[in-house]
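Here's a quick walk through the model, going from the core to a strand and its partners, and then out to the domains and the chain contacts. Have the structure open as you read.

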Number of protein chains: 2
Amino acid sequence: MNVFVIGIGLIGGSFAKDIKLIMPDSKIFGIDASDSHLEEALALKLIDEKSSYNDLELADMVIVSIPVDVLVTELPKILDAVNDDCVVFDGGSTKNLICKQLEEHPKRRNYLACHPIAGTEFSGPSAAIEGLYKGKTNIICEVEKTAFKLQERALELFQKMGMRIRYMNPDAHDKHIAYVSHLSHISSFMLGKTVIEKEKNERDIFDMAGSGFESTVRLAKSSPAMWAPIFKQNKNNVVETLEEYIQNLEEFKQMLLDDNFEGIYNEMNNTNKIKEILNGIPLNKK
Amino acid sequence: MNVFVIGIGLIGGSFAKDIKLIMPDSKIFGIDASDSHLEEALALKLIDEKSSYNDLELADMVIVSIPVDVLVTELPKILDAVNDDCVVFDGGSTKNLICKQLEEHPKRRNYLACHPIAGTEFSGPSAAIEGLYKGKTNIICEVEKTAFKLQERALELFQKMGMRIRYMNPDAHDKHIAYVSHLSHISSFMLGKTVIEKEKNERDIFDMAGSGFESTVRLAKSSPAMWAPIFKQNKNNVVETLEEYIQNLEEFKQMLLDDNFEGIYNEMNNTNKIKEILNGIPLNKK
């Protein structure tokens with residue numbers, strides 16, 4: 001099987017690693033806007049060969065893992081270039097705009113809209129990890145629009161990689177992912193900003209920071225080139241979650257000002273049930 | 001050496017574990033408001049014996065690891081009960097009120113005000129970990145008020161446990177710790193609350209949550225009984241950090257509403273330097 005990975009960083013590179021294990025006979029071609037990324041991916045043996053859109057007609061499977069703004073412009077061209085028996089899937093963190101964009105594309109049946117909920121705060125080919133997707137959820141949107149045998153080809157791979165599949169419409173996906181992923185990134189970035197601003201003249205104050213602080217600001221290491229376009233495409237949902245978050249913080253502040261520490265205790269106690277919820281989330285060993 | 005641990009949970013229990021290794025001849029006495037905690041600590045061999053304030057005169061070292069509201073009422077009584085050659089130190093996350101409270105205590109010289117920046121989101125005797133404090137910062141306030149040979153006794157232990165010591169006045173401690181610890185807990189609790197509220201009718205939406213979400217809400221598992229009193233004692237500093245955080249979130253939201261995605265990119269890019277800062281923080285292996 002000829003597999004093309006377009007965008008050979010954390011997400012695409014981790015797919016490449018698993019595919020090499022699961023289908024040792026497959027040949028993996030890499031396409032990337034950055035030539036140094038491609039060279040690095042070759043050196044790391046993530047890909048067998050550098051390639052270009054001109055070769056896409058040879059592909060049996062194309063994995064597109066590029067920022068969501070470029071997905072919208074590139075996926076139509078990629079679909080134009082592949083043959084009728086090729087399955088193309090992406091890993092974008094937003095699904096609404098891209099599904100709308102491809103609605104009338106003559107090769108819509110070759111595309112499977114995916115969002116594997118996996119990643120780390122790192123990026124680039126060197127961030128690729130074997131088994132990144134094991135036990136993770138892969139959300140598939142509008143599955144009925146993909147040709148059945150092409151669905152099967154992709155799903156067989158996902159299954160062998162150990163992913164859990166969930167089907168969802170693009171609207172619901174974008175709405176819920178704003179809460180459980182996009183908002184976390186904003187809270188983390190702004191927490192990092194607040195502390196950096198305050199402590200810029202007292203750098204060794206970070207000696208006081210412990211693993212709790214590290215955990216809450218971990219996502220502030222994430223790539224702006226990946227995240228700015230996500231916030232743009234999911235603007236309405238993200239603004240809504242952000243307003244609710246700010247409202248909750250304002251209420252907490254008011255309880256502090258009112259010396260309502262029983263209320264604060266109760267808020268925290270109610271939120272403690274997040275323990276049980278989090279027990280269900282598979283984590284990356286680091 | 002007779003060591004008394006008052007409050008035998010994560011913090012006190014982890015001290016007990018290290019002391020057993022470093023000073024195998026020491027005898028560890030446990031005092032706790034909860035008899036079931038004491039029984040658990042005995043069963044886990046964190047302590048050698050259950051004890052009470054009546055025996056405190058036998059102590060060479062007393063470690064007080066109880067919520068900060070109880071610290072304020074209990075530390076004077078503990079100092080009253082110990083002999084002149086005993087060092088008493090605490091692990092409270094606030095230092096201002098307790099240092100003021102003990103200012104005129106006749107045994108002020110027996111007390112060393114400490115805040116070891118270490119912990120996990122778990123609590124109770126079973127949460128105690130060997131080596132929890134290795135490489136972690138221990139902030140000591142008003143060191144000059146403690147008798148020199150008693151300072152030495154505690155510092156020798158901290159050194160053998162592998163802690164880094166920093167000296168600070170209680171005002172500065174409480175101000176900075178609000179940024180690098182207390183604010184993280186509020187951001188995490190309110191993030192958890194926002195998502196739980198939204199998704200309460202759609203529990204399986206948490207299937208969509210990945211390790212990033214888990215990381216940002218990890219602290220929302222923390223004990224309300226420990227944290228409500230911390231927020232109360234450090235109210236003014238916490239309110240100030242919270243206002244700055246909310247302001248930064250509001251500005252981010254406004255950039256979203258203004259379609260200023262270049263500004264959003266720049267914000268994230270500037271905050272990315274948190275990477276270098278975080279590289280200096282020692283983490284617990286979990």
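Let's start inside. In this predicted model, the largest nonpolar core has 176 residues. Those with the most contacts inside that core are V5, V62 and V88 of chain A, together with V5, V62 and V88 of chain B. As background, nonpolar side chains tend to be buried together in soluble globular proteins.

Take V88(B) as a case to click on. Leaving aside neighbours within four places in sequence, V88(B) is in contact with V62(B), V64(B), I78(B), L79(B), V82(B), N110(B) and Y111(B). V62(B), one of those partners, is also on the list of residues with the most contacts inside the core.

Now over to chain A and its strand β6, residues 111-116. How many of the six residues of β6(A) are buried? Six of the six are, and the strand counts as mostly covered. Y111(A), A113(A) and H115(A) point one way from β6(A), while L112(A), C114(A) and P116(A) point the other way. Both sets are buried, His and Pro included.

β6(A) pairs with β5(A) and also with β7(A). Here's how those two pairings look:

| Pairing | Sense | Bridges | A bridge pair |
|---|---|---|---|
| β5(A) (87-90) with β6(A) | parallel | two | F89(A) and L112(A) |
| β6(A) with β7(A) (137-141) | antiparallel | four | C114(A) and I140(A) |

Next, zoom out to the domains. Chain A is divided into domain 1 (2-168) and domain 2 (173-278), and their C-alpha centres lie 31 Å apart. Across that boundary, 14 residues of domain 1 are in contact with 16 residues of domain 2. On the domain 1 side, the elements that give two or more residues are α3 (68-81), α4 and β7 of chain A. By class, that side divides into six nonpolar, five polar and three charged residues.

Last stop: the two chains. Here 80 residues of chain B are in contact with 80 residues of chain A. Which element gives the largest share of the side of chain B that touches chain A? That's α6(B), with 19 residues. The elements giving two or more residues to this side include α6 (170-198), α9 (235-257) and β7 (137-141) of chain B. Sorted by class, the side of chain B that touches chain A has 43 nonpolar, 21 polar and 16 charged residues.

How values were computed: Residues are numbered from 1 along each chain as its sequence is written. Chains are lettered from A and ligands numbered from 1 in the order in which they are written. This is a predicted model: local features need pLDDT of at least 70, side-chain atom pairs count only at pLDDT 80 or more; totals for chains, interfaces and linings use all residues. A nonpolar core is a set of buried Ala, Val, Leu, Ile, Met, Phe, Trp, Tyr and Cys residues joined through C-beta atoms within 7 Å. A residue is buried if 20 or more other C-beta atoms lie within 10 Å of its own, exposed if 12 or fewer, and partly exposed in between; C-beta atoms are placed from the backbone. Two residues are in contact if their C-beta atoms, placed from the backbone, lie within 7 Å. Two strands pair if DSSP finds at least two bridges between them. Ala, Val, Leu, Ile, Met, Phe, Trp, Tyr, Cys and Pro count as nonpolar, Asp, Glu, Lys and Arg as charged, and the others, Gly among them, as polar. Domain bounds come from an automatic or database domain assignment.
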